[in-house]
Amino acid sequence: MDLETLKIFDAVAAELSITRAASRLGRVPSNITTRIQHLEAELGAELFIRMGKRITLSTAGQRFLEYAQRMLALEDEARHVVGGGNSGGTLRIGSMESTAASRLPAPLASYHQANPTTRLEVNTGPTGQLVEQVRNGQLDCAFVALPATIKDPSSLAEMGLQGVPVWHEELLLLLPATDDAATTPEQVRTRSLAAFRLGCTYRTIAEERLGIVAGGEWKIQELGSYHAMVAAVAAGSCVALLPRSVLELSRAPADLATLDLGSISTHLIWRSGYEIPAFQKFGQLFMQGDA
């Protein structure tokens with residue numbers, strides 16, 4: 001189970017194609033196939049399900065992928081730390097969709113200009129998923145809206161994490177035209193919420209403020225982007241919670257009303273004791289208020 005084989009497995013898992021993985025790695029397909037077969041023999045488990053020319057990750061493959069990515073990340077981290085950051089390395093950043101759209105472009109551009117040899121990888125997802133990915137080493141850091149259960153610094157420490165608030169977001173409930181007269185959440189008549197999947201802190205806040213409970217009259221329409229949520233609200237079928245910074249970037253019809261649902265801080269979180277040079281330089285942008 002050498003690092004080169006892990007890189008091959010990671011590429012095949014990403015491409016779900018031996019041919020595309022071979023092209024990506026600059027190898028011949030037969031070599032990729034042989035290395036994967038040897039890895040499966042060593043592990044005693046099939047990592048891929050073969051269906052003719054198509055392949056998908058097996059359950060064992062899905063489990064092993066997380067470990068493989070963690071081992072590859074640890075190798076990159078070790079090289080970066082021992083070399084004093086001279087190699088540039090890779091910085092894997094997690095972010096909520098809203099933060100990636102409205103807050104990150106400027107600091108990422110600033111960081112890249114100052115550190116051109118460091119490769120930046122940005123992955124988006126809901127807060128719950130991002131917190132877990134930072135904890136298990138899949139991400140180096142993440143921008144999240146921490147739920148009430150882990151806002152306290154001691155709660156973060158118990159999870160092996162550290163964090164610092166970097167942005168303050170005003171939260172607005174976007175209303176369809178049929179609810180433009182509502183001045184409180186209780187007056188909203190629409191009974192469908194457009195939101196990201198479970199694990200999104202903004203969704204949790206919306207459910208709490210609107211009194212949405214399992215088995216109740218409210219329906220949740222899970223969507224993958226704020227653009228889709230705004231469109232659903234404009235069509236009159238849903239309400240949606242989003243930060244003011246995102247609403248100002250969207251092309252929401254000017255006549256859509258909003259309700260103020262308070263505010264929340266976006267935190268930058270990382271694993272306690274995480275000291276790779278690439279992250280230290282990145283964190284300084286926010287801890288010094290330069291972002």
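**Entry 1: what I call a helix.** I take helices as DSSP runs of H or I with at least four residues, and strands as E runs of at least two, numbered from the N terminus. On that basis I put Thr204 in helix α9. I'm keeping in mind that this is a predicted model.

**Entry 2: the overall count.** I get 12 helices and 10 strands in the protein. The C-alpha trace spans about 65 × 50 × 35 Å along its principal axes. I looked up burial too: 45% of the 291 residues count as buried. How many of the contacts between residues at least 6 apart in sequence join residues at least 24 apart? I find 72% of them do.

**Entry 3: back to Thr204.** Is Thr204 buried, partly exposed or exposed? Its relative accessible area is 36%, so I log Thr204 as partly exposed, given that the class runs between the 20% limit for buried and the 50% limit for exposed. I also checked Thr204 against Pro147: they are 57 residues apart along the chain, and their C-alpha atoms are separated by 8.2 Å.

**Entry 4: helix α7.** I went through residues 127-135, which make up α7, and the buried ones are Thr127, Leu130, Val131, Gln133 and Val134. Looking down the axis of α7, I see these buried residues fall within an arc of 165 degrees, so they line one face of the helix. What covers them? The cover includes the strands β3 (90-95), β4 (119-124), β5 (141-144), β6 (161-174) and β10 (258-271), along with helix α9 (201-210). After α7 comes Gly137, and I note that its phi is positive, near 90 degrees.

**Entry 5: Arg92.** I find this arginine, Arg92, in strand β3. Is Arg92 buried or exposed? Its relative accessible area is 11%, so I write down Arg92 as buried, since the cut-off is under 20%. Where does the Arg92 side chain go? I traced it to the backbone oxygen of Gln138, at 2.8 Å. Leaving out neighbours within four places in sequence, I list Ala73, Glu121, Gly137, Gln138, Leu139, Asp140, Cys141 and Tyr274 as contacts of Arg92.

**Entry 6: partners of β10.** I followed two pairings here. β5 pairs with β10 in the antiparallel sense over 4 bridges, and Phe143 has Leu268 of β10 as its bridge partner. β6 and β10 also run antiparallel, joined by 12 bridges. There I picked out Leu173, which stands opposite Leu259 in β10.

**Entry 7: Ser155.** I looked up this serine in helix α8, residues 153-158. Ser155 counts as buried, at 17% relative accessibility. Not counting residues up to four places away in sequence, I find that Ser155 touches Thr149 and Ile150.

**Entry 8: α2 against α3.** Two packed helices are described by the angle between their axes and the distance between the axes. For α2 (residues 18-25) and α3 (residues 29-43) I have an angle of about 105 degrees, with the axes 8 Å apart. That makes α2 roughly perpendicular to α3. Which residues make the contact? From α2 I note Ile18, Ala22 and Leu25, and from α3 Pro29, Ile32 and Thr33.

Notes: Residues are numbered from 1 along each chain as its sequence is written. This is a predicted model: local features need pLDDT of at least 70, side-chain atom pairs count only at pLDDT 80 or more; totals for chains, interfaces and linings use all residues. Side-chain values use heavy atoms; hydrogens and water are left out. Buried means under 20% relative accessible area, exposed over 50%, partly exposed in between (1.4 Å probe, protein chains only). The arc is that of the directions from the helix axis to the C-beta atoms. Contact means heavy atoms within 4.5 Å. Two strands pair if DSSP finds at least two bridges between them. A polar contact is a pair of N or O atoms within 3.5 Å; within protein, one must be able to donate a hydrogen and the other to accept it, and residues adjacent in sequence count only if both atoms are side-chain atoms. Axes are lines fitted to C-alpha atoms, for helices over the stretch in contact, and angles run from 0 to 180 degrees between N-to-C directions. Angles under 35 degrees count as roughly parallel, over 145 as roughly antiparallel, 65 to 115 as roughly perpendicular and the rest as oblique.
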